[in-house]
Amino acid sequence: MKKVPADQGVLTLMTTSIVGESIPRIDGMPKITGNARYVADLSLPGMLHAAVLRSPHPHALLTRIDATEARKVPGAKAVLTGPDVLEIEGISPFYGPAFRDQPILAVERVRHVGECVAAVAADTREAADKALSLVEVEYEPQPAVHDVLDAIRPEAPLVHEKLEPAKTFADLAHLKGGQSNINYHFKLRRGDAEQALAEAAMVFSDDYVSPPASHAHLEPHGVMAEWDANGKLTVWTSTQSPSLVRNDLSNIYNVPLNQVRVIVPYLGGAYGAKLYDKLEPITTLLARVTKKPVRWILNREEVFVTSSKHGAVCRMQTGVSKDGTINARKVAVYYDTGAFAEIGPRIAYKTGFTGAGPYQIDNVWIDSYCVYTHKTPAGPFRGFGVPQVAFAYESHMDKVAHYLGRDPVELRLEYAYDEGDFFASGTRLHSLGHKESLEKCAEVIGWEPGPRKPPSPPPARGKRRGKGCALALKAVLTPSTSGSIVEMGSDGSVNVLTSTVEMGQGSDTILCQIASEEMGVSFDKVSIVRPDTDVTPYDTLTAGSRSTFHMGRAVQLATDDLKRQFIEIASDAMEVSEEQLEYREGEVRVRGMPDRRMTQEEVFAHKFKGAKGTTLVGQGVFQTSVAPTDKETGQSENMTAYWFGGASAAEVEVDCETGTVKVLNFAGGADVGKAIHPAHCDQQILGAAITTLGLTLFETMRFEEGQLTNQSFLEYILPAFGDVPRGLTSHILETPHRDGPYGAKGVGETGTMATIPAITAAIFDAVGIWIHEIPITPESVLRALRGDNGNGGTP
Amino acid sequence: MLSDLGEEAAPIAGGTAVLILMKSGLYAPNHLINLKALGGLSEIAFDPKEGLRLGALATHREVELHPAVAGRYPVLSSTYARVANVRVRNSATVGGNLAHGDFRIDPPAPLIALNARIRLHGTGGERDLPLEDFFTGFYATAKAEGEIVTAVTMPPPTDGLKGIYLKYVGNAAADWPTLGTAVMLRMDNGTCGDLRVVLTSVAETPVKVSGLEDLAVGRELSEERIEAVADAAAAQTQPIEDHRGSAWYKREMVKVHVRRGIEALLETA
Amino acid sequence: MRTVELTVNGERETLEIHDQALLLDVLREKLHLTGTKEGCSVGACGTCTVLIDGKPVSSCLTLAAQLRSDQEVTTVEGLSQEDRLDPVQEAFLENAAFQCAFCTPGMMLAVKAMLSENPNPSDEEVREYLLGNYCRCGAHPEILKAIRSAAAKKT
């Protein structure tokens, strides 16, 4: 890109494309000076501080709750309990994106340790804590279910006795619940998997287990809320989904959308944990009751019980026929969604259908379940359930390759889908890139072709190295909608208004790049208007690697609208028909007559009779859609707007005497369609991989009888600099997507998808043991090396 | 003052441990007594006759970077350098760390192996005891109410005595140790002249492995001999079973790290 | 309550604080220096890192009342001097060494302290020094690049 001096004014022309340039981030200066404000950095005059009392039980009846003494605490302006909420008129006391299963404050029973039971707003945090300590609660503990496989047994205690579907998703409307803890079941049937497995010469059958884990965004959730004298609610919140929060608050308070304003300041990491309603219902209710601004910032312990990654058990069966063909896959995946469904049913559906992997296999049978337990509610976690199933289907590719004496990379390349193939769901595939990513990663890691030949028996001494590769394919959450407004001022400066949340991924920069490119103005004249639902249009959410594609297209549609207006004005001014005009490089030109043109400045001057400070506004709404899915077979002509594929390759070192695993080298590859900002793409690929490395090797939320025992960063350890592989490379593949802006797709999650199985495959290559559960503890590796069958006996 | 206020007061130095306990609600003293206001307790001094004295208020970072410590007791520098992170080391003090009695801290391993003594001051005056006797149980120490730690002392280093501290942290670099192993070894013409092994983070209190005079001293340290020492260390350890490992696993780790420690020292001998 | 004198970013401040007030809260609430972040409250994550006499500490585990007025506290707001960015800030900006940036103020202060103690640290020394500064977005590769470029500029 040419750097254009600012004094050249509105005539700034761009001759080179800014798309594809790794320009400096637009949010850079605020972020390196400490000037970027997050919710906890905001305050209002007279603001109260909120705090909540949380359940100490995983499942109990609330037999008595009395806040009389708490209300007497000086400075405590409001103390609310579940029964209090029920008595407030005009309030909908339950919420949730799939089912309205989550009470603002617990009513009658509590369903997980940490559930909010009472809330206080007080002048100071000390007064709030004092008041909470005086709320008297009596619980009658009930049998609780903690394990996802226990929860599906008929005799398991029910977490919810009925379900009330939210109106958000049509396919959930018929679900009533009450019979079991399974709140959603997705089925995919293609061919006859049972028959094929019966005929197979070899059937691999394994459970792959992933635990709940903490998103561990460093910024705890926070909300500040205020109602004005007209009854309008303004909420500053750490959310990835301002439009959904606005809609939900409008539902809870039964007020029109325009009476709820949701503003998102800078967001200090989210990874899926800050979607849908989190602290907003309680905070806004306290603000309403007290008629004062209220701010609630979680502490780290509270973050741990607010959301988590779905623990999952993925039961994978793969059949290999006599001729060495993979003839069937049967998959049952159980997502542990904890006490509230949140978006779990969507994960079971949208990820469940990819559970057999991106491979041409004739007979596929998938059951994907979303299951309640009495644990921390689970939500999407960077990858939206794909890492849990990719761990299983990729591990089985390695097992099959080993059985057949084949090169695991080559086997994957043989079976992996190609452009134009039909996915197991009957959906035609376009713009994949998983195979190219795999080939690239294998090359970079120094993959030696041929079957793996791990030492046998496993070595007892020393350190051994091994390499592993894996791929994965994810379908973007569909349908969804993104809206954008692009405003140009008479000086040629541009504002881009979107509800896409800048949470580190670089969306502010990328969206401004697109506006700069389209409007033909230099990047330094483009600015972002960050989410404020009073001015920024609806966007489904910032998650699932969807923003570049969806919001990128919305910005393009908005700039198209703006360009159209320029042409309309120029047509009037130049007395040339609109068809003869085109908008190029920041000006309107008559086609084929390069000398006849109007600059932006001239267009504004004509339209507004020379008035300065005037603006023109374009808007765009981009929507994606799906074709109906058959309920029994899971078949659909169109299940997703786009696919994004990627691969990971790892070289590990296993200490055969301690069982520790160190990732020495790592390569991550992702097909991004088109890299609008290549450095951001690289950062997404490796950032996702580093997080997943922690999830693979040590991160887990440890529950004992429903109690979380590592609810602090002193006990829940994150990947640190010492864990980052010494050799770390990212590789961008570009298979343009016909609908993406400049062909771009998403990349935020790709690095998570194939990383677990790449590491476990490398461990197999190094020492010849198969891993079926993460995190991979040193003891589990050592026991496997010593031939312990894992049943807990001492070898 | 401390003894007058009893349990209502907590002495605080670097604050990294006390403040965490207070924040968690486990501990709510009415008064914090700022030990930093006491003068003269932060000195690190070495005397060829008396040995090393670490003032209780010296920070971990000061011990880590002190030239006398690095020159005479390199194992101590390298151990203090591995405690938690640099921020903790800038705040946490030698005395506060030991007084906390946490079984997962690193310094007691090399300190005990260096025959360190801990000095306590209370209303009854001053007393001093071997550091291994200071740790009496899970988060329990011999420190009486009203007493504070004033210093840790140890004799001058013996010629030829080499030491190593192995911090074994499993798969996460920032984790607490599963096991800390300090080994001190002096070889005399191919036979073992002195061998000390101390284990931390594995049991409720540091484990000073006994019987090494009979098992190793005066003998060649053959592979079998080293195995025997490692087995003895494992047998003397009553591991805490937790998510870092079962008792079986932790004893295996004791064997591995005692062997690795001795082998590493033999290589440099 | 007590009156303390603190020196923060070169300014002498006289403040009324609770005896048990944490430096973190004093900086954020009394001095409105909100660049210092609270991430974990137990000194593990590094987002609240500030420098005291050039040394990084966790401000969430530091009692303000224990500080002497001759001790110099530096926060992210004190890194740049009269609109001139600190070389560490420049390096972070040029290398896009952040994503959500919640860790960035603490990270930059830790890096600044490290480079003043050790102008040309090895990769191993960097990883050890920054062990307690988490970045959950995974911007480690860019942070390591930024450190190398800042070190190269200094030496």
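## A sheet in chain A

Two strands pair if DSSP finds at least two bridges between them. Strands (E, at least two residues) and helices (H or I, at least four) are DSSP runs, numbered from the N terminus. In this predicted model, β6, β2 and β8 of chain A form an open sheet of three strands in the order β6-β2-β8, with antiparallel pairing. The edge strands are β6 (109-110) and β8 (136-141) of chain A, and each pairs on one side only. Strands of a sheet pair through backbone hydrogen bonds, either parallel or antiparallel.

Strand β2 of chain A spans residues 60-66 and pairs with β6(A) over two bridges, in the antiparallel sense. Here A:A60 stands opposite A:V110 of β6(A).

## How the model is read

Residues are numbered from 1 along each chain as its sequence is written, chains are lettered from A and ligands numbered from 1 in the order in which they are written. Local features of this predicted model need pLDDT of at least 70, side-chain atom pairs count only at pLDDT 80 or more, totals for chains, interfaces and linings use all residues, and side-chain values use heavy atoms, with hydrogens and water left out.

## Where chain C meets chain A

Contact means heavy atoms within 4.5 Å. By that rule, 46 residues of chain C touch 51 residues of chain A. The two chains bury about 3,800 Å² between them, 59% of it on carbon and sulfur atoms. Buried area is the accessible area (1.4 Å probe) that two parts lose on being put together, summed over both. C:R127, C:Y134 and C:R136 supply 24% of the area that chain C buries against chain A, more than any other three residues.

Five salt bridges cross this interface; each is a side-chain nitrogen of Lys or Arg within 4 Å of a carboxyl oxygen of Asp or Glu. The side chains of A:E699 and C:R136 meet in a salt bridge at 2.7 Å, N to O. Five helices of chain C, α1 (23-30), α2 (87-94), α3 (104-117), α4 (123-129) and α5 (140-154), each supply at least two residues of the side that touches chain A. α5(C) gives the most, with five residues.

## Cis peptide bonds in chain A

Most residues other than glycine have a negative phi, and most peptide bonds are trans. The bond from A:T478 to A:P479 is cis, with omega near 0 degrees. A:P479 lies in the loop between β20 (463-475) and β21 (481-489) of chain A. Another cis bond joins A:I774 and A:P775, with omega about -5 degrees. The loop between α19 (755-767) and α20 (778-785) of chain A holds A:P775.

B:N115 is not a glycine, yet has a positive phi of about 60 degrees. B:N115 sits in the loop between α8 (108-113) and β5 (117-122) of chain B. At 35% relative accessibility, B:N115 is partly exposed. Buried means under 20% relative accessible area, exposed over 50%, and partly exposed in between (1.4 Å probe, protein chains only).

C:E82 is not a glycine either, and has a positive phi of about 45 degrees. C:E82 lies in the loop between β5 (72-74) and α2 of chain C. C:E82 is exposed, with a relative accessible area of 79%.

## A buried phenylalanine

A:F340 is placed in the loop between β17 (326-338) and α10 (344-350) of chain A. A:F340 counts as buried, at 1% relative accessibility. The C-alpha atoms of A:F340 and A:A378 are separated by 7.5 Å, though the residues are 38 apart along the chain. Leaving aside neighbours within four places in sequence, A:F340 has several contacts, including A:D101, A:R111, A:H160, A:Y372 and A:A378.
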